[in-house]
Amino acid sequence: MDMDAFFASVEIRDDPSLKGKPLIIGALPTERGIVATCSYEARAYGVHSGMSIKDAYRLCPMGIYRHGRYDRYRQVSDRIHGILTDYTDQIEYVGLDEGYLDITGSLKLFKSADRIGHEIKKRVLDTTGLTCSIGISYNKMTAKMASEEKKPDGFFVIPDPEFFQKYMKDKPVKALPGVGAKGAAVLHGIRIDTIGQLSAWSEESLVKRFGQAGSELYRHARGIASDHVERLGEGKAKSYGKEVTYQHDMTDPAEMDSTLKLLARQVAIGLQKREVYAYTITLKIKYSNLKLHTRAVSLINPVQSASQLYKEAARLLKKSPLSGPVRLLGISASSLTEQPEFQLTISQADRSLREESLNKSLMGLYQRFGKDAVMTGGELESRTLLQEHGLND
């Protein structure tokens, strides 16, 4: 299931005067930034996600440019997710606007995959006023390609690998997930422009040219890919967190803030070791009466660094009126992904790349000399404060 131009569609629904107009979400033409998404009217001018606002304005100067309202998009996304979980608990969400559903175990109840797909489309439209595109297939990659086939408001079925190879043979190779424009340009250099031309190559030849990626290209050109969709809350680690239980109940905001800095640091190191990023940050508070309180935030862009984790956890703590002395504090990161899918301004993207490079360098130092080899000034101050009060060894 993939929502159609999700951010732009929410804006048009909330402001009907935008309907039929080229709408670009991301930044204003006077700002540095990138396109987060755009309406189909803007796409007709060549505008697309990830393009710089400057290039978008050159192609579409008559467009309507707006900043995103990400809290609003999360609200709508939560309602959509609620619909999807009525059909299966084997769901892998991809950001706010799409997800893979394994409905194998749901067929006895709902009779057919087509019926489930059409029901989801109708309920999403009735509940949110928005359209989505459904792709039904035998594995995740081909289901994704099926969802793209008839957009917007699409519905398409790829029943088996034989149909895939016949139907897709004349499609451009960039239609394969993971190839993209740059990959297509490389393949064009060896006279591979279509999926059919790619499938004519042997696996050995592709591996010789592209290494392990060659095996993936060989399989994908034949519609062979993973069909495993993990059940919500199961499978491989879905979260990573750290918590601390105080030796005596805590009431000092400064000491709790210091605790969060050190916890964020530990969680960040854990994420970096696993080479994953987190969309969701959860703050855990246990009071002296053992009552447990949690508060979470889901982010547009996945995070990994200590500073980002601390920022979100501190914000959650500030929003959580404490009902008594605190016995335990914890931070956990979930909705993990191996790919940082940044929807940022150019300056933010540059900053993120620098931060990622720094994190890799720090990880090398941690592995050689221990996790306390390098600390920020704020982390050192936090550790010192907690040590002075006998709260941290």
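## Helix pairs and sheets in a predicted model

Helix α7 (residues 140-149) packs against helix α8 (residues 161-168) at an angle of about 45 degrees, and their axes are 12 Å apart. Axes here are lines fitted to C-alpha atoms, for helices over the stretch in contact, with angles running from 0 to 180 degrees between N-to-C directions. The structure is a predicted model, in which local features need pLDDT of at least 70 and side-chain atom pairs count only at pLDDT 80 or more, while totals for chains, interfaces and linings use all residues. Residues are numbered from 1 along each chain as its sequence is written, and side-chain values use heavy atoms, with hydrogens and water left out.

The helices α7 and α8 are therefore oblique to each other, a word for angles that are not under 35 degrees (roughly parallel), over 145 (roughly antiparallel) or 65 to 115 (roughly perpendicular). Their crossing is left-handed, that is, the near helix is turned anticlockwise from the far one by less than a right angle, clockwise being right-handed. Contact (heavy atoms within 4.5 Å) is made by M141, T142, M145 and E149 of α7 with F164, Y167 and M168 of α8.

A second pair consists of α4 and α6, whose crossing is right-handed. Their contact involves V76, R79, I80, I83 and L84 of α4 together with I120, R123, V124, T127 and T128 of α6.

| Helix pair | Angle | Axis distance |
|---|---|---|
| α7 (140-149) and α8 (161-168) | about 45 degrees | 12 Å |
| α4 (70-84) and α6 (113-128) | about 145 degrees | 10 Å |

Helices (H or I, at least four residues) and strands (E, at least two) are DSSP runs, numbered from the N terminus, and two strands pair if DSSP finds at least two bridges between them. Strand β2 (residues 23-25) pairs with β4 in the parallel sense over 3 bridges, and L23 stands opposite I64 in β4.

Another open sheet, with antiparallel pairing, has 4 strands in the order β9-β12-β10-β11. Strand β10 (residues 277-287) is joined to β11 by 8 bridges, and K286 stands opposite L292 in β11. Helix α13 (residues 253-274) lies across β9, β10, β11 and β12 (326-337), running at about 155 degrees to β9.
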